[in-house]
Amino acid sequence: MSEPAAASQTVAPAPAAAAAPLLEVEGLTVRLRAGGAMQPVLRDVSVTIRAGEALGLVGESGSGKSMTARAIDRLLPDGAEVDGSIRYEGHDVASLSGTGLRQYRNQVAMIFQDPRAHTNPVRRIGDFMTEALRTNLGVPGAEANRRAVEMLEQVGVGGGARRLRQHPHELSGGMLQRVMIAAALLTEPRLLLADEPTTALDVTTQSEVMAILDDLRREFGLAMLFITHDLELAAAICDRTAVMYAGQIVEVRSSDRLHDDPLHPYTAALAAARPDISRTAARLLAIPGRPLSAFEAPAAECAFAPRCAHAQEACRAALPELAELDGGLSRCRRASELRGRLGTASDG
Amino acid sequence: MAEAGGAPVLEAPVLEAPVLEATGLRKEFGSLVAVDDVSLRVQPARSLAIVGESGSGKTTIARMIVGLERPTSGTISACGHDRSRPARSVRDRRRRGREVQIVFQDPYTSLDPRQSPQAAIDEILRLHHGWPDQRRRERMAELIDLVGLDIRQSRSLPRALSGGQRQRVAIARALAAEPRILILDESVAALDVSIQAQVLNLLADIRDETSVSYVLISHDLAVVRQLTDEVLVLHRGRVVEHGPTSRVLDDPQDSYTRRLRASVPRPGWKPVRGLPAGKEQEASSP
Amino acid sequence: MLLASLLVASFVIFAATYLAPGNPIAALSGGRSLPASSVHVLEQRYHLNAPFFTQYWYWLGNALHGNLGISITLRENVSTLIASRIWTTAGLVLYASVLILVFGIGMGLAAGLRPGLVDTSTVVLTAISAAIPAFVAAIVLILVFAVKLGWFPAIGNGTGVLDDVRHLTLPALSLAVSSLAIVARITRAAVREERERDHVQTAISRGIPARQLIRRHVLRNAAIPITTIAGITIASLIAVAAVVETAFSLNGLGAYLVQSAQSKDLAVVQGISLLLVTAFVVVNLLVDVLYAMLDPRVSLGSRAA
Amino acid sequence: MSAGIPVAVAEPGRPRVLIGVQSTGLAGIASAAVIAVATLVAVFGPLLARTDPELPNLSLAWIGPGGGHLLGFDVQGRDVLSRLLVGARTSMLGPLVVVIVSVVTGTGFAVVAAWRRGAADAVISSGLDILFAFPGILLAVLATAIFGAGLPAAAISLSIAYMPYVARVLRGAALRERSQPYVAALEVQGASASSICLRHLIPNILPLIVAQATILFGYAMVDLAAISFLGLGVQPPKPDWGVMISENQTGIVQGYPLPALAAGLCIVAVVIAFNVLGERLFERAQAGRG
């Protein structure tokens, strides 16, 4: 595994028309031990991310979106059962170990929702940013610091070398998240796993941080898996968006068509349930019931059926497959039948 | 239109006395001025939003209104009674409880983990109303029904309930005092989108049925639009804009309100880098 | 805070002994009846007729100058009596501290980092030894290592440094055994807790090698609670030393304090109590300083915040 | 053993460390059984004793087990088993008093400090900090020097010495509970401070209080036995486990270790039982909060 990782160390903006996908997740099922039994948290998840592409991953709490990112970065808790395959540049991620795994993790960087919990409080910013660079890429300390200051400048954190001497608690959440992004970019990864990086931030700060992330991602030709509960945010930032429900992917759609022409009733219902900033609805189109976790979902029927306005007998008879439709994917057996009736464009 | 510091001006002339009025509110924590010269007025059965980001002072205002913080200066009155100073007697404190109630953000810590919804509501009914058992039981059933819980849920402990269900309990408990004003302190912010819509609909129904006034503390402009008539935009403790919600959101006058409005993701939205590097405040805000 | 603690402590020590029942003259004279002139001399010398606060003030002032009064049973300066015993106690506490730091933290780290047999056996072993009081440890150690095996002397002080160490080994072990177990358990728990931190996940996600991860992100952070508990534990040995000294008939401060308490030699009780409380407070202060050095989020004096 | 660490498991303001033990159900059951037996003996022990535990008979000194005397005779020729059975009462009662007094007063200070916050908290906290300067055993030595040796002085001084530890841990827990929105909601409703504290705050930290008290019991037993061992606590010829070790210590070197060891074993067994049970309660209390 070390060869392809080493070869791609020299990161150039990836050719946009790269034929082979950068990351392929196929039939990923993950079970964790909970209350003495193995409970599924992901069920048959398949996604592909091409070099330089941004894929959004949207879902409510418990849908499995964070778990997907953790599975990709091999960060699952001990004792997790994993079926299916994850391939990075054609290589099986599950078979990696030791140096190979560490190099893979340098290629696939991760940023987290809570930057404060995810930075070591006793280490300085400089140490946090350059540790991987010095340890894994053998960059000398002074050079690593120089690059760190440069990268901080790029994410809009001024103050130069002085910043490197600060501790995490001296920075605000927004600043720390920028530091986190800068640190992730320093090892010149090819794929960024961003797990709700702006959820804990104020809206104006979110806008800033998203702009920075978007700019730098394009500049470095970086692919990104962007996890969020905000459908609109994902649609605005990502090329394609995948929607998860109860541990499954229910829809993958190019972002510009997601809002007006969704392929799954859940996506449409999610968009319709959200209040609109530009008009007051007499009544919001709430989805009845509550979101299910993967382990609560029935094994052999559509997990969304109990809450779905369009569900029929057939929906409860079998688990629908994720099927191709109009350039996207939908896990709804009535998807083609419902085309055009799901979007929110018509009532706007 | 942006008259910082003044009370929000309603479009229609108002003759009715406000249920809630605050003038010149100021709160200092040590050297930090959290709230600076804020005035507001809420009419019966109308709803006011207080919008801002972290550190704007919006939660401090809510806590001063319900009496959890004491204003450094300024006055607050609800239903004609002053509440700028701590209550002097138990009677006084309970009367204040029947004037203004609050629902907090986090449904997981808003309920005593050892109390079922029924017990929690019953405690409040006993506290405020000298009703016989039968009357209390009836009222309890009404409240549980009003917020859309079933009997089984009303008897389970909070840990068996979902976030949305807990928030319904918190609303029922607040309503048990039959307040004129309900403060919603980011009350739907922690909920999943599909649940948030249910609770927002519930809040709209309750207002229609009880003519309670809402003061919504929120950072979410879409929620504000959905639930309130007027809005007050706070930035670093000061009011930067106020007016009818639809007008402020459709045609914001203040530059901060515009930036806030522009930061909300929506179809076709692109994030923009606005601030120059390092201009954001460094230390974490309180 | 340090000074306030010490001032209040000294006041309590003085007030307590002042209030003690019994006539100080009778104590000074050893029960004999004295002529009035002698009584007067004694009253003058010990300020026995001065108001309470004045007496306290004299006593404190003298104590600060190293003058702790005179033992009524041995007719010697308390300072001299203390000086001749202090090294036994200091040596004992230091010896036990080293054992606690080396073996307590060592066992805790081993258990925290190596789940399985090492961990399980440490957990069981420490659960038992944490419950062994020093005086019980003392009789068992004497029985096994002095009586049965004859490796170490059962009682008494040594002559010369090496002999001292030999004589202090069993006492130090007795003193250390339960504290050592507690430090080991807390160390183990701290290591496990730090391993679960989110920032450790970050470091893993960035490909930091396991050894470096443990050293720089787990152990470094666990050092904070470990330092705290080890410091508090060691400070508490200062008082428990009395039990061990008594059990091993060591000529130390603690044993002397107990004897003096029994014979109501109050000047000695005051002097030794003051010294032990000071040592206890100073060690606790050192822990706070160390804590502030280890944790950048804490600045000295802001602990309560 | 030391008085310094009865409750160091959770120091407020410092990282909280759980004493992590995967105590099996078996260990828990065994602990509960040991405690139950010790309690029964403490209550009914004097009825079970076959001979007068205080009457010396030097002709029987150091005679080993036999003839219905399961543990033989001690330095003064008294039946060791009888002394153990009768001694259980003071050995268990002393710690119980210490635990009740220190936990009740400590809880009181903790709740008042957490509820009032501000100046009241500052005063209480500094007071506790000053009390910290007195290690338990030292305070007991001081107290017995003044009031004379005996269990009352020892128990009172240990209670005073333990109180600040209890108060410090519970103050942290009470402060966390105090800042919960449900408490604020009750305040806004107009409920009185005393009713919120008694009906909500204290019941919610009760599992922690009980766990704390259980762990403290073991420490109190050790410290009281140590004080009796020093000759400052329970006075001979009264039987007490600490006194018995002290009395029979000479037997260790003379080749009659059983009387001292038997008393030591009783202490260790009960202390282990309380520690294990306390840790399990503590873990459960922590888990219940999550």
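Helix H7 of chain A is followed by A:Glu188, whose phi is positive, near 55 degrees. Helices (H or I, at least four residues) and strands (E, at least two) are DSSP runs, numbered from the N terminus. This is a predicted model, in which local features need pLDDT of at least 70 and side-chain atom pairs count only at pLDDT 80 or more, while totals for chains, interfaces and linings use all residues. Residues are numbered from 1 along each chain as its sequence is written, and chains are lettered from A and ligands numbered from 1 in the order in which they are written.

**Helix H7 of chain A**

- H7(A) has 14 residues and reaches 20 Å from its first C-alpha to its last, close to the 20 Å expected at 1.5 Å a residue (the expected span is 1.5 Å times one less than the number of residues).
- Of the 14 residues of H7(A), 13 are buried (buried: 20 or more other C-beta atoms within 10 Å of the residue's own; exposed: 12 or fewer; partly exposed: in between; C-beta atoms are placed from the backbone).

**Contact between chains A and B**

- Chain A contributes 44 residues and chain B 42 residues (two residues are in contact if their C-beta atoms, placed from the backbone, lie within 7 Å).
- On the side of chain A that touches chain B, two or more residues come from each of helices H7 (173-186), H8 (203-220), H9 (231-237) and H11 (265-273).
- H8(A) gives the most to this side, with nine residues.
- This side of chain A divides into 20 nonpolar, 13 polar and eleven charged residues (Ala, Val, Leu, Ile, Met, Phe, Trp, Tyr, Cys and Pro count as nonpolar, Asp, Glu, Lys and Arg as charged, and the others, Gly among them, as polar).

**Helix H1 of chain C**

- The 18 residues of H1(C) (residues 2-19) should span 26 Å at 1.5 Å a residue, and the end C-alpha atoms are 26 Å apart, which agrees.
- C:Ser5, C:Ala9, C:Ser10, C:Ile13 and C:Phe14 are the buried residues of H1(C).
- Seen down the axis of H1(C), these buried residues fall within an arc of 155 degrees, so they line one face of the helix (the arc is that of the directions from the helix axis to the C-beta atoms).
- C:Ala4, C:Leu7 and C:Leu19 are exposed on the other side of H1(C).
- The cover over the buried residues of H1(C) includes H4 (52-64) and H12 (266-294) of chain C, together with H3 (118-131) and H4 (136-147) of chain D.

**Contact between chains C and D**

- In this contact, 64 residues of chain C meet 50 residues of chain D.
- H10(C) supplies the largest share of the side of chain C that touches chain D, 15 residues.
- By class, this side of chain C has 48 nonpolar, ten polar and six charged residues.
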